Amino acid sequence: MIADDITEQLAAALDRDDAIALLRAAIGRESITGNEANFVSLLHAEMQSRGIENVRVAEFLPGRPNVWGERKGAGGGKRLQFIGHTDTVHVDGWREHWAGTERENPFGAHVIDGQIWGRGSGDLKAGICTSLAALSLLDKAGIRLKGDLGFAYVGDEESGQPGTGISAGVKDYVARIEAGEVARPDFVVYTEPTRLAVYPAQIGFFIADITITGKSAYFGVPELGKDALKASHAVMSALWKHSDEIAARAEHPLIGRGFLLITGLTGGGFIAVPEECTLSLIRKLLPGESLGDAAQEVEAVIRGAIGAPDIKVAISYPAGRDHEVGGSAAEIDPDLPAVSMLCASVAKAMAGRGELKGAPFWSETPFFVNRLNIPAVYCAPGDIRNCHTFEEHVEIDEYLAGIVAFASFMARYCGVAE
């Protein structure tokens, strides 16, 4: 039986200094995609020191490890999984942007005006540290769970570095669940930053790179060439019309409407008919939309807009995740008891938080929701709007409230042993 005042009990027991030191140490370990091992070594030590059992480190690619472990309960409760990615995006330009200020070191984890600054603070080391500190908080408060807790921290989620960002870390981890090597959870919290909202739904996406090739010719005799830039204009007009048609089809209550966005155009030559142009686009999908069907639709629109047989088109999909062309959308029933319980735990820990919202980003819950049929949500401190920018930081009060909320949810979902 969970006491009504468990939130107050946990808040009173919270070790603020330990929690803040943990997050600052995490930010201090540079782990730009490909260098996850630098952070994993800290997590391995912290997990062991905080009483997590069966801690394992294993490479998903050479030199790039995941780390995971568990805390076994007394028995008779459900198994709850916390997971987050260990890699961050690059810091190109950060030092120059903040030169001469206390924010200059992107891994300095400076405390400024009630905030902790640095690359990875929000995306998503605050979430990882919240889950670990929540376990320590339960121990300090003398609360033992009936159910089990799983903790897994995986690499290769970010996509900013060449040859990376295909979710290789989580693919390795879920394969271990499928093989029975890791216990199957009943519910998953992925610690992407949500400002402590709870996201039971997320968008899907694919990126398409389109190369349109014609034939160059001297500007004085354009009839001898095939204008790739003119063909690209026709393609873009057709794609924008297609985006409007997509948006008109349906609206999801949490993540809005689907669309596509043309994100880049390059091409042209010097005083000549442009021979080659390249376009890039990103397509937002709603839950229930097929990635394969959506990609085929886009290809038909592109090819239909050109018409001329001597204009060639090549289309590639550089961002395959849980699908060869991209990442699937995912959603679970927002009225599931576990979702309501998490929302209530957060709301009790911090006024105005714990709302149900949809994820305007893609991350890795589809590996659990769609592949393993395990319900999963996003929830953690941090604001996605400042992640991947020179402004990345986390509010300390929000982070500490998240620790209390996660500890409360652990107790409520897994049950408390007598």
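Analyst: A cavity is a set of points on a 1 Å grid over the protein atoms alone where a 1.4 Å probe fits but cannot get out, and lining residues have an atom within 4 Å of a point. This is a predicted model, where local features need pLDDT of at least 70, side-chain atom pairs count only at pLDDT 80 or more, and totals for chains, interfaces and linings use all residues. Residues are numbered from 1 along each chain as its sequence is written, and side-chain values use heavy atoms, leaving out hydrogens and water.

User: How much space lies in the largest cavity?
Analyst: Searching the whole structure for cavities of 30 Å³ or more turns up 1. Its volume is the space filled by probe spheres set on grid points joined across faces, edges and corners. For the largest cavity, that space is about 40 Å³.

User: Which strand gives the most to the lining of the largest cavity?
Analyst: The lining includes Tyr-199, Pro-200, Ala-201 and Gln-202, along with Ala-330, Glu-331, Ala-376 and Tyr-378. Two or more lining residues come from each of strands E8 (198-202), E16 (330-331) and E18 (376-378); strands (E, at least two residues) are DSSP runs, numbered from the N terminus. With 4 residues, the top contributor is E8.

User: Which strands give two or more residues to the lining of the largest pocket?
Analyst: A pocket is an open set of points with protein on both sides within 12 Å along at least five of seven lines. The largest one holds about 660 Å³ of space. Of its 26 lining residues, Ser-159, Phe-205, Arg-321, Trp-362 and His-388 are the closest to its centre. The strands you are asking about are E9 (204-213) and E13 (276-285).

User: What is the bridge partner of Ala-208 in E13?
Analyst: E9 and E13 pair in the antiparallel sense over 10 bridges, where pairing needs at least two bridges found by DSSP. Across from Ala-208, the partner in E13 is Leu-281.

User: Which residue of E14 is the bridge partner of Ile-210?
Analyst: E9 also pairs antiparallel with E15 (residues 326-327) over 2 bridges, and there Phe-206 stands opposite Gly-326. Another 5 bridges join E9 to E14 (residues 312-316), again antiparallel. In E14, the partner of Ile-210 is Ile-315.

User: What is the volume of the second largest pocket?
Analyst: This pocket has 15 lining residues. Nearest its centre are Thr-194, Arg-195, Ala-197, Tyr-199 and Lys-357. The volume of the second largest pocket is about 200 Å³.
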